[in-house]
Every structure is written in C-alpha cells, then in structure tokens.
Amino acid sequence: MATHTTRMLIIGSGPAGLSAAIYGARAGLQPIVVQGLQPGGQLTITTDVENYPGFRDVIQGPWLMQEMQAQAEHVGTRMMWDTIVDIDLSGPPFRATGDSGDIYEGETLVIATGAQAKWLGVEGEQELGGKGVSACATCDGFFYRGKKVVVIGGGNTAVEEALYLTNHSPDVTVIHRRDSFRAEKILQDRLFANEKVSVAWNKAVKRFVGGAENGGLSGVEVVDTVTGEVSVIPADGAFVAIGHAPATELFKGKLELDSSGYILVQPGTPKTAIPGVFACGDVMDHTYRQAVTAAGTGCMAALDAERFVAEREFAAKA
C-alpha cells in the first residue's frame, strides 16, 4: 500500500478531469488523476463525435479521450489505474482511498466523476447502442436528419430532447408509459403546439427491433399499459430520455447534493461548500452535459484550485 501526494487530486478522467489536469499541470500543481471504473468517461462509449470544436471531420470518442490523456501526461499529470472507494474531506489535505488500498492525498480536490444515462434495460438496447439507440439527442440528433425518431420518457429531459429533435426530424414520437407528462407545463405547451411531434401514451417499451438495411434500428416494440396490446412503432433513431444518474455515492453526507444527487456548487463556479474542493463536468451539470462544457468547467476548477493553493502558500509565509 502506497500513499501518493499531490497539490491537486482529480477523481475522474473524462473531458472535465483531463482538462483540469492539463491546466493544473501547466500551473505546476503536479496533478494526479485517479481514472475510475470508466477511464476516459462517457466519450469512450461514444463513437462519432461531430460537435467537439477544432475538428472539421467526424472524430471518434475513444480517440479524443486518448489524445486528451496523452496531452495531460505530456504536461506532467500522473495517471493512476484505481477506483476511489472512500473519501475524507476534512482536509486539506483531502484523503481518498483506492480500491487497491493506496491512499491519495491532495491539497486540493477536483471531483469529475461524471454522470451516466439511465437505460431501460430492455432487449436490443445494448446491441443497438450507437446503431439507432442513443441517450443524447444533442449529441446524435444530427445523424437523423429527415428521418423518423422516437423519444422515450415523460419528464423535462424527454420533452426537451423531443423539441430539439424537431430541428432535424419531421416526425418525432414521444413514447410514455403514462397518460400525462411530468415535464414543466411551459415545455408541454411547446411540445403539443409542435406539429412535428406526436405522443404514444400508455406505452411501455418492450424491446428495440433491429433489421434496418444498415444493421441498425428499425422500430420499437411497445406494450399498451392499459390494454396489453403489443405493437411496433417504426423508427430510425430512438432516444432514451429517462434521466441521468450522477456518480456521487462517495460524497453523500459529505458534500451538499441536490434532489437528483448532483453536487451543488456556487453559481457560475466549480466551488463546493468546502474550500479547496471543486466539482466539474456532468457531476455538477445536469443542464448541458456536453464534452465541451465539461472541459470548460474542468479548466475553471483547475484555475480556482491554483488560486486556492497560492493563497494558502501566501498565508503560510505571512
């Protein structure tokens, strides 16, 4: 068992964590990134990325994360293959315990553990992931220009995604297992006023059906929750929009979380209620959830961490 010390400890290795590492390393903080269960974050399971600035051609998510990691290491970041299982926020230094038994101590802590889309867990969902089934309309809607798409869900996320998809598709169907939405009324009004959208009420998704010419999705099999009747709704693309789950188990009772489990930060900053502890990326952002916004908040966390370290050092000399 070893103890690793750093001026900036980063938990999570997606765009937020690695951007924080790049800025932190360039500021001389010699950051350590503990990569977690999914090194590279959600982009490693995203194939075509068309909306990350700087690349005119479609790039691959895993490649982008490899490049970010290489850049972070190049400027002086240490990458650790470990998963944090316990955290002590009574510092500084803040102490994290890895699954390996190793201890990681940071004068500052950057939390970039991300969030994961909730899935339905039905047949065909995994097999057709990236081949018609997605959990992010703003990421993938562009690929369904002029095609028929469905959105599954009944909350704000589902209604927002359906409205967004009308920018690309003339035929959007929202599939909801109940007979009314949970979404805010103003969003519902906009949805019902949009002639490109129809709603399949009282329908639960049974499975995603393949068989399209390109090997992708051809439709969604649903069962009527009232009559029990089974039918197939044809679709080229299906967007699961039943919410996201932030990876904040470690921080329950230790940091302030909102009702959905996202870490609360001071508005417009990555600062948590504990000085020296910062949160960035999808673990604190349930609104935008894009790679570029995650990277931006990672940069902000590193800049704030560097100021925190500088102020402590100045106070220690005074």
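**A loop residue and its setting**

Author: Thr 248 has a relative accessible area of 3% and is therefore buried; buried means under 20% relative accessible area, exposed over 50% and partly exposed in between, with a 1.4 Å probe and protein chains only. The model is predicted, so local features need pLDDT of at least 70 and side-chain atom pairs count only at pLDDT 80 or more, whereas totals for chains, interfaces and linings use all residues. Residues are numbered from 1 along each chain as its sequence is written, and side-chain values use heavy atoms, with hydrogens and water left out.

Thr 248 is placed in the loop between β18 (244-246) and β19 (277-279). Helices (H or I, at least four residues) and strands (E, at least two) are DSSP runs numbered from the N terminus. When neighbours within four places in sequence are set aside, Thr 248 is in contact with Leu 257, Gly 261, Ile 263 and Val 283; contact means heavy atoms within 4.5 Å.

Together with β12 and β13, helix α5 (residues 185-192) makes a right-handed β-α-β unit; a crossover is right-handed if, with the strands pointing away from the viewer, the path from the first strand over the helix to the second runs clockwise. Strands β12 (residues 171-175) and β13 (residues 197-200) pair in the parallel sense over four bridges, where pairing requires that DSSP finds at least two bridges between two strands. Val 174 has Val 199 in β13 as its bridge partner.

Strand β11 (residues 148-152) pairs with β12 as well, in the parallel sense and over five bridges, and Val 149 stands opposite Val 172 in β12. A right-handed β-α-β unit is made by β11, helix α4 (residues 156-165) and β12. Strand β11 also pairs in the parallel sense with strand β17 (residues 237-240), over four bridges; the bridge partner of Val 150 in β17 is Ala 238. Because four of its five residues are buried, β11 is largely enclosed by the rest of the structure.

An antiparallel arrangement is found in an open sheet of three strands, in the order β14-β15-β16. Its edge strands, β14 (203-209) and β16 (230-234), each pair on one side only. From one strand to the next, the twist averages 30°, with axes being lines fitted to C-alpha atoms (for helices over the stretch in contact) and angles running from 0 to 180 degrees between N-to-C directions. Strand β15 (residues 219-224) pairs with β16 over five antiparallel bridges, and Val 222 has Ser 231 in β16 as its bridge partner.

For the protein as a whole, there are six helices and 19 strands. Among contacts between residues at least 6 apart in sequence, 59% join residues at least 24 apart. Buried residues account for 50% of the 318 residues. The C-alpha atoms fill a box of roughly 70 × 35 × 35 Å along the principal axes.
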